[in-house]
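This briefing is for a reader new to the structure. It opens with a single residue and then moves on to helices, sheets, domains and confidence.

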Amino acid sequence: MPYNIASVLPLHKSRSLANKLLVWSVTSSFLNQVRCLVFEFHLTKLTLLGGIESHIYQLSSKLIDRGHKVIVITHAYKGRTGVRYLTNGLKIYHVPFFVIYRETTFPTVFSFFPIFRNIVIRENIDIVHGHASLSSFCGEAILHARTMGLRTVFTDHSLFGFADAASILTNKLLKFTLSDVDHAICVSHTCKENTVLRASLDPLMVSVIPNAVVAENFCPLSHTTTRAPDQALSSPTDPPMSPRIIGPDDPITIVVISRLFYNKGTDLLIASIPRILASNPNTRFIIAGSGPKAIDLEQMLERNVLQDKVELLGSVRHEEVRDVMVRGDIYLHPSLTEAFGTVIVEAASCGLYVVCTRVGGIPEVLPQHMTTFAKPEEDDIVLATSKAIAALRSNKVRTDRFHDQVKMMYSWRDVAARTERVYEGIIGDISPEEFYGYYPGQGWDASGDRVRSFALVDRLKRYYGCGVWAGKLFCLCVVIDFLIYVFLEMWFPRANIDIARSWPRKPPARKSLDNQ
Amino acid sequence: MPGRLKIQRPSPTTVSFTVSNAPQRSSSLAKILFALQILLRAFLFLCVVVVGITLLRHLVFEGDDGFISWPLVWSSTLGSKLCCLVDSYNPLAVAMVSALVIYCVFRRGYTEESLLVIRGFGIQTSTSSATYLSTAATRFIPTTQIQDIVIHEAFKGFEVRFYLAVIVEGEPNAVVVFPHTLPKREILEQVWRGSRRCLYDAKS
């Protein structure tokens, strides 16, 4: 059954808080479980709220392909305001807000409600899907959607600490958002653990659906584009292409593409580059990205006179990333915190051997033979990089196969199918037993309290448990929101709202998609 | 009040779409009330004129100008009572109240917007003015300058509304048809189809 989904997203991923993050280091690898999950999920309909634009675009297009209707609600920004359409009939509402300073909008706890209600009614939305956690926009939309009696899903893309003041505040906000949400989606198991702890959620109400990459956009140089896609899929059994032989004296190029921020591990990078170059002759670095740490990096290069060995490219656009990546042999990712790390999947897809820190969700992302892990400290990164260079020099790593392997592991179609199952579960198209699991004789009922009722009293009960003061404050917000809703129903009656036409589309190719 | 659409086709190559949010007076009671409203407006206008003349009697309406003998009027019973009444109020306040009443008398109370399409010639949009005193604001766009006629959506206040717009060559902004009434989507689609058929479809 196709659904109408509204996605809400903030366009500007705030990085100010991210700079203060704690280092998240989780060692267990969940990769095998992730792969099993892939084929268990199916999909329904949603509204996305929040900020990871390409994630939303890819997911939305695939959901539209599966016969759902997706609209995206986001902030207006300079040059982009009003209602727009993208390819595939994806409709985007850039909601104008009163802008205080630059792109910062006033915290619009309730002022967003009238326009949100109007959009939801005119588009016949059933599910509201919010993205990202730092945006108050997303939390508001979920609150309003619940008040209007819609099912809500929340996707968390980030990891947070628990200790500092900013985190405590953010966690309260997250708790507010997630208290009444029907289901949450995290991009990795580490992220799920983090979210469950931060928002005191029932773990069964949180699903893990990783990000994906468009593998076609990240082909290695040697990859022949003329190969038919079905051939590419069955390539592991094909006669192997002749791998590139790296001799003991051939140059090895290490690529780093990241924003140069503290939480991206730029300090580690700055400390380890001279040591890596000193201990491994014939090694070069290509560093792309910009940020506040760029000056430190340049100073280090000048101090050690490494300009001829390290190439700084500055910031590159997303479509140029592949062209930078294919110039290298190793991708170094020294991040201190990462919920998923899409970039290392892109690097592996380009046929690069990946050296990364064992933090956050990174260990879940790629199989062992594609990566060398390091602790997030200088000595270990130098060691791991040297190991990786040695492994490449000895031609033990079949990087030429990485692309096809990554293509088998990650696809947006798959992400969409799994998201669809979450939608089906919360809408009630599949039974709670099937959705949450059936555990007879365990003394508890899997479907127990998970189907969230829309009754105001039940909602207030859930919010009241959020904290001594916060609980009361949240309850007040919910009651005000409800009163505003009643007022809006009188002032702007539903009957007066024009129903928008859906984008005309071909019959959904769902059967053929499921068969694949 | 939602707008209503009226289509007129005086000739096969001409069509006029009128959207009006004036109340529909179909019952006899509504018609009687409408007649009473007109009478009331006329009466109020008369009152304001009389009060105005009384107020200005020392300046303009003094002597016998051969047509009306003003001293005779002012000294009559009705005239003197009127003078007392008007003089007992601040002249400025009287002037302001008069202006307000005049505005109410001539206020239209509804908006009527129309789109006239003539094949091979162009289209004309018009929006009725707020009062009966001024004429409608019109805009003519020749066929050669019309790039397209589209229906789109935009944020207006707390709502997202559909609008019909004419994209004019060489102008940065599109010309919105029915900018004040902003009728429902069904009406806009009817107008859009009708105007495109009239402009571009040679067979109709």
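**A buried glycine in chain A**

Gly341(A) is buried, because 26 other C-beta atoms lie within 10 Å and the cut-off for a buried residue is 20 or more. The model is a predicted one, with an ipTM of 0.80 and a pTM of 0.78.

- Gly341(A) sits in the loop that runs between β15 (330-333) and α11 (342-349) of chain A.
- Leaving aside residues up to four places away in sequence, Gly341(A) touches His333(A), Ser335(A), Gly361(A), Ile362(A) and Val365(A).
- One of these, Ile362(A), is 21 residues apart from Gly341(A) along the chain, and the C-alpha atoms of the two are separated by 6.1 Å.

**Helix α3 of chain A**

- Helix α3 of chain A covers residues 113-122 and is mostly covered, with 8 of its 10 residues buried.
- The buried residues of α3(A) are Phe113(A), Ile115(A), Phe116(A), Arg117(A), Asn118(A), Ile119(A), Val120(A) and Arg122(A).
- Asn124(A) follows α3(A) and has a positive phi, near 55 degrees.

**Where chain A touches chain B**

- The contact between the chains involves 10 residues of chain A and 9 residues of chain B.
- On the side of chain A that touches chain B, β4 (82-85) and α3 of chain A each supply at least two residues.
- The most is given by α3(A), with 5 residues on that side.
- Sorted by class, the side of chain A that touches chain B holds 6 nonpolar, 2 polar and 2 charged residues.

**The sheet β6-β7-β8 of chain B**

- In chain B, 3 strands form an open sheet in the order β6-β7-β8, with antiparallel pairing.
- Its edge strands are β6 (146-156) and β8 (175-177) of chain B, each of which pairs on one side only.
- On average, neighbouring strands of this sheet are turned by 40 degrees against each other, direction ignored.
- Strand β7 of chain B (residues 159-168) and β6(B) pair in the antiparallel sense over 10 bridges.
- Within β7(B), Ala165(B) is the residue that stands opposite Val150(B).
- Helix α5 of chain B (residues 185-200) packs on the sheet and touches β6 and β7 of chain B. The direction of α5(B) makes about 170 degrees with that of β6(B).

**The pair β4 and β5 of chain B**

- Strand β4 of chain B (residues 122-127) is joined to β5(B) by 6 bridges, and the two run antiparallel.
- Gln124(B) has Phe140(B) in β5(B) as its bridge partner.
- Strand β5 of chain B (residues 137-142) has 6 residues, and the number buried is 0, so this strand lies largely in the open.

**Domains of chain B**

- The domain assignment divides chain B into domain 1 (4-22 + 110-200) and domain 2 (28-106).
- The centres of domain 1 and domain 2 of chain B, taken over C-alpha atoms, are separated by 41 Å.

**Confidence in chain B**

- Chain B has a mean pLDDT of 87, and 96% of its residues reach 70 or more.
- Among the elements of chain B, the lowest mean pLDDT, 78, belongs to helix α2 (residues 70-75) of chain B.
- The highest among these elements, 93, belongs to strand β3 (residues 112-118) of chain B.

How values were computed:
Residues numbered from 1 in each chain as written. Chains lettered and ligands numbered in written order. Predicted model: local features only at pLDDT ≥ 70, side-chain atom pairs only at ≥ 80, totals over all residues. Pairing = 2+ DSSP bridges. Helix = DSSP H or I, 4+ residues; strand = E, 2+ residues; numbered from the N terminus. Axes fitted to C-alpha atoms, helices over the stretch in contact; angles between N-to-C directions. Contact = placed C-beta atoms within 7 Å. Buried ≥ 20, exposed ≤ 12 C-beta atoms within 10 Å, placed from the backbone. Nonpolar A, V, L, I, M, F, W, Y, C, P; charged D, E, K, R; others polar. Domains from an automatic or database assignment. pLDDT = per-residue confidence, 0-100.
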